[in-house]
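Reader: I would like to go through the helix packing and a few side chains of this model. Shall we take them one at a time?

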Amino acid sequence: MDLIYKIVAIGIITSIATLIIKPIRSDFALMIALTGGIIILLMLLNYLTSVFDAFKLIINSTGISSSLYSIVLKIVGIGYLIEFSAGICNDSGNSSLADKILLGGKIVIMVMALPIITNILQIISELLPA
């Protein structure tokens, strides 16, 4: 719980610093925002490893194919990366570019999810009586 307070504090301090610096040097304001975001991400690395460990435990206990596990993790990673990138574009005033990044990310996620959807449909068809 202590970590969330640190994340919120860094986010608020970064936002205030960005607002103060932006009228003076807009290029520094972007760098401050990026630095604050990177610091927050680095603080979350330990939590990410625990998420990966939980996924491994689920796979080992359920017998789910590790390739599906890999696809799910890639999809989640792409989702976060796309959202983060679009946020940076929005913060820098390029909302149309952010929209294109989001669209591209959604298409990539849909294509990556096709094997999972196919696997689910195959399982459903095996359960249905002929």
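Author: This is a predicted model. Helix H4 (residues 66-91) packs with helix H5 (residues 95-127), their axes 8 Å apart.

Reader: At what angle do H4 and H5 pack, and what does that make H4 relative to H5?

Author: The angle is about 170°. Angles over 145 degrees count as roughly antiparallel. H4 is therefore, relative to H5, roughly antiparallel.

Reader: How do the residues of the contact of H4 with H5 divide by class?

Author: Two residues are charged and six are polar. The nonpolar residues number 18.

Reader: How are H1 and H2 oriented to each other?

Author: H1 covers residues 2-21, and H2 covers residues 26-43. Their axes come within 8 Å and cross at roughly 175°. The cut-off is over 145 degrees, so H1 and H2 are roughly antiparallel.

Reader: Is Thr-18 buried or exposed?

Author: Thr-18 lies in helix H1. Leaving aside neighbours within four places in sequence, Thr-18 is in contact with Ala-29, Ile-32 and Ala-33. Its relative accessibility is 16%. Under 20% is the cut-off, so Thr-18 counts as buried.

Reader: Over which ring does the charged end of Arg-25 sit?

Author: A search of the whole structure finds zero aromatic pairs. The charged end of Arg-25 does sit over a ring, 4.2 Å from its centre. That ring belongs to Phe-28.

Definitions and conventions:
Residues are numbered from 1 along each chain as its sequence is written. This is a predicted model: local features need pLDDT of at least 70, side-chain atom pairs count only at pLDDT 80 or more; totals for chains, interfaces and linings use all residues. Side-chain values use heavy atoms; hydrogens and water are left out. Axes are lines fitted to C-alpha atoms, for helices over the stretch in contact, and angles run from 0 to 180 degrees between N-to-C directions. Helices (H or I, at least four residues) and strands (E, at least two) are DSSP runs, numbered from the N terminus. Angles under 35 degrees count as roughly parallel, over 145 as roughly antiparallel, 65 to 115 as roughly perpendicular and the rest as oblique. Ala, Val, Leu, Ile, Met, Phe, Trp, Tyr, Cys and Pro count as nonpolar, Asp, Glu, Lys and Arg as charged, and the others, Gly among them, as polar. Buried means under 20% relative accessible area, exposed over 50%, partly exposed in between (1.4 Å probe, protein chains only). Contact means heavy atoms within 4.5 Å. Rings of Phe, Tyr and Trp (its six-membered ring) pair if their centres lie within 6.5 Å; planes under 30 degrees apart count as stacked, over 60 as edge-to-face and the rest as tilted. A charge sits over a ring if NZ of Lys or CZ of Arg is within 6 Å of the ring centre and within 35 degrees of the ring normal.
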